Amino acid sequence: MEQPIIELAGLTKCYGSLKAVDQLDLQIRPGEIYGLLGPNGAGKTTTILMMLGLTEPSAGVAKVCGINATHHPIAVKRKVGYMPDNVGFYDSMTAFDNLQYIARLSGLPEREVKNRTRDMMELVGLGDALHKKAGAYSRGMKQRLGLADVLIRQPEVIILDEPTLGIDPSGVKDFLGLIRQLSRQQGITVLLSSHHLHQVQQVCDRVGIFVGGKLLADGNVETLSRHLFSGDQFVISITLANALPDTLQVLTALKAMEGIKDVSAEGRTIEITSARNITPDIVRFFVAKELDIMGVHKKEYGLEDIYQRYFENNLTDHEKDGKSSGLFQRSFFRKVKK
Amino acid sequence: MVNPAVYFNDLFSGKLKNSGWLKSTGSLVNQQPGPLSIMVRKEVADHIRSWRFIVLLALLLLTFIATMYVSLTNLKAAVANENDPDRLFLYLKLLTTSDGSLPTFHIFVSFLGALLGISLGFDAVNAEQNNGTMTRLMAQPVYRDQLLLSKFLGALTIVSALFLSLALLMIGAGLLITGVSLEAEEFFRIMSFVVLTVLYVGFWLALSILFSVKFRQATTSALTAIGVWLFFTIFYRIVISMVVKGFFPDPVYLSEADVLWYNNLLLDLLRLAPSQLYTDATTTLLMPSVRSLGPLTVEQMAGAIPKPLPFRESVLIVWPQVCGLVAAIAVCFTLTYYWFMRREIRS
């Protein structure tokens, strides 16, 4: 296997008694687009900050490009571009000046600064808003400017924290398309965190599901879904023209068929769970009964369902431990202290 | 429109290149300015373009013009005063003469300088944090202390440029109006006055940057800094006089030596206020005949001829004050550093 470009081993961060990140192990290969998925407060941003050496881990090691991020943050920052979740710019300066400032800080030779800045802004589609004040930029434009800001240093790795937050759907599509295109063209490794599942599904090679500071699962979307829904792999829902005349009899007959695990009917829709894919048999069965089929739909599991499933499991665990009540108390006390 | 910072390009990078901090960037230095000078340049450009600075500049210019006008109208009388050993220092007289209608310029500066320092620094760090620019900046390959240093040096550059040009303007105007040539002694005294003023503003700047690191809200840090300033300018004297009334014995029953000792103690207590240090030091530098900042006994004065001191002697008298100011700046800066360096950067 290739040497991983991002390597986290036993990474832990505690805030008082709250474990924001708990024994995280993660490896990302060069050129990969990795999606870190999780609800708000799962510890995604904390993990990212530790990768950049902006926060010290309580335990464990974060290595980026083979460099320890806690001990040599400057060397890591030279190779990594980071876009924070609510990216801010100096509002009184123009977007062009903002970008130039960052270009200079990252050590770009002075004679290249102007041209590179202009190129980058054109690349992200801000070519006609070069000299507008950054304060007058819309949210989506700021996000684009943030991407230009990350790319201007030609990093090996880019880390995007909630990059799609606050952009409209078509903008998201463009934005993610741009990221994917850049990653493929220039071999940049991309790590993006998000709680928007569909968007991540579109671009990521691999996703990790991150809840309560723990990485619950990691792999590509198909592996995850196979792993998770192995018990009830095939769900077929059949829509009929009319409601069943004799529901109970039909259901019992269906259940008697080989391979069918569960059947449920609701109005005109019948949902059948089976161990194997027996759609043709089922269709034949209904045809023989002279029932008119309007539609047959085989359910596919998307990231949404995967996420939902993991999140649900985790939630019930928490309730068992009585952890959520403890969390409530803690936040309450913190408020009082302030 | 050309960016106003363009005019400063060579000035700052040239100045900073010669100093030690940038050597770390090694061979890049000869063509490429280091991150610190880039950041300082940006800070300076920001300040110059901000309304806050323009308002303060207008305020300071108004005071300067008003005090200069008052001293020019009274200059003839001051220079002709036979009893004043300093009467021949025309340019120092320009800075220190007043008919009582207005305080002199250096007294004004002891108020306004504090305000200038506070206003340039109170939102230095927390504004970056609240705007979300801090995380972006810290994700660049720059050291954290470079951010603090750039905030401090940027504002200090502006302040030094401001006071230096005011002093030079005054000298120029004096030359034009009176035609009396400037003595080297006077020039050094005026320049050391400028340095002292910059140090004094630097103290308030360091203090307000400290608060801007400590408090997340810019308003809180501004109010706290102004609170400290008000305490030292108004309440500190009152507190001291209450302490004196409560704890010091009645001078009627004391020997002369004890009275002197208590007086010195009182002065030392007052000198805990930075504005007192500044006023003491500037008074000594601008009035060459001032020999001591504390009370003198009759024995000490015996045989003394009322004559202005040489520049070196005046500097020796104010040296403790200068050290005090530098120490106060260092303390503020160290605390700022301590709080900022290992803090989690997060918007």
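**Figure 1. Helix H9 of chain B in the predicted model.** Helix H9 (residues 144–178) of chain B is built from 35 residues. From its first C-alpha to its last, helix H9 of chain B reaches 51 Å, close to the 51 Å expected at 1.5 Å a residue.

**Figure 2. Chain B by element and confidence.** Chain B holds 15 helices and 0 strands. Its mean pLDDT is 85, with 90% of the residues at 70 or more.

**Figure 3. Burial, contacts and surface of chain B.** Of the 347 residues in chain B, 48% count as buried. Among contacts in chain B with a separation of 6 or more, 77% are between residues 24 or more positions apart. The accessible surface of chain B is about 16900 Å², and carbon and sulfur atoms account for 68% of that area.

**Figure 4. The surroundings of Leu254(A).** Leu254(A) belongs to helix H9 (residues 247–256) of chain A. Leu254(A) has a relative accessible area of 0% and is therefore buried. Leaving aside neighbours within four places in sequence, Leu254(A) is in contact with Ile260(A), Val263(A), Ile270(A), Ile272(A), Phe285(A) and Phe286(A). The C-alpha atoms of Leu254(A) and Ile282(A) are 8.1 Å apart in space, and the two residues are 28 residues apart in sequence.

How values were computed:
Residues numbered from 1 in each chain as written. Chains lettered and ligands numbered in written order. Predicted model: local features only at pLDDT ≥ 70, side-chain atom pairs only at ≥ 80, totals over all residues. Heavy atoms only, no water. pLDDT = per-residue confidence, 0-100. Helix = DSSP H or I, 4+ residues; strand = E, 2+ residues; numbered from the N terminus. Buried < 20%, exposed > 50% of the residue type's maximum accessible area, 1.4 Å probe, protein only. Contact = heavy atoms within 4.5 Å. Areas by Shrake-Rupley, 256 points an atom, 1.4 Å probe, with all protein chains shown as cover. Expected span 1.5 Å × (residues − 1).
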